[in-house]
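Good morning, and thank you for joining this meeting. Please look at the sequence and the structure as they are shown.

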Amino acid sequence: MRAILVTAAALAAGLVAAEPGKPVALLDQVPYRDEGMGSRKIVDEKHVLMMQAALKPGQRVPEHKANSNVHIVVLQGAVIVNLAGTEVAVRAGDLLPIAFGTQMHIRNDGQENATFLIVKTPNPSEMTAQK
């Protein structure tokens, strides 16, 4: 696998700077944590926020409202996404669009680790006028 060099400070802060023309190896250094969801920012620009989340079996993303238009892209494993009471199974290779304001939570009920991208457009920092 190809990887970019990332400073220890950037990893500790949970930010991987995506530089134009340089690949980001999303499956290297997946941000798993022993307790709770692990995450890191991949892209943080005015029109898009992209994060990578990681859940070990039994872990979950707490319930919240989507603070932008969201697209979940599962890279490895599988997760259950609860959208306002409706459960959707999403596995590696799947894309799930989620509308702004949707009540949601995500959990890993499987036996293996799961990692996924969370793409928010526009960046939630630009959505303040719509809240």
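Predicted model: local features only at pLDDT ≥ 70, side-chain atom pairs only at ≥ 80, totals over all residues.

Residues are numbered from 1 along each chain as its sequence is written, and side-chain values use heavy atoms, with hydrogens and water left out.

Let me begin with the salt bridges. Side chains of opposite charge can pair when their charged atoms come close. The term salt bridge here means a side-chain nitrogen of Lys or Arg within 4 Å of a carboxyl oxygen of Asp or Glu. The structure holds 4 salt bridges.

One of them joins D34 to K56, with 2.9 Å from N to O. This pair links distant parts of the chain, 22 residues apart: D34 belongs to the loop between α1 (8-12) and β1 (38-45), and K56 to the loop between β2 (48-55) and β3 (60-65). Helices (H or I, at least four residues) and strands (E, at least two) are DSSP runs, numbered from the N terminus. D34 is exposed, at 68% relative accessibility, whereas K56 is partly exposed, at 24%. Buried means under 20% relative accessible area, exposed over 50%, and partly exposed in between, with a 1.4 Å probe and protein chains only.

A further salt bridge pairs D44 with K41, whose closest N and O atoms are 3.3 Å apart. Both partners are partly exposed, D44 with a relative accessible area of 44% and K41 with 33%.

R107 and D109 also form a salt bridge, with the closest N and O atoms 2.8 Å apart. Shared partners join E87, R107 and D109 into one network of salt bridges. R107 counts as buried, at 17% relative accessibility.

I turn now to the pocket. A pocket is an open set of points on a 1 Å grid over the protein atoms alone, where a 1.4 Å probe fits, with protein on both sides within 12 Å along at least five of seven lines; lining residues have an atom within 4 Å of a point.

Which residues lie nearest the centre of the largest pocket? They are M51, V61, H64, I118 and K120, out of 15 lining residues. The elements that give two or more residues to this lining are β2, β3, β4 (69-76), β8 (103-107) and β9 (114-121). The largest share, 3 residues, comes from β3.
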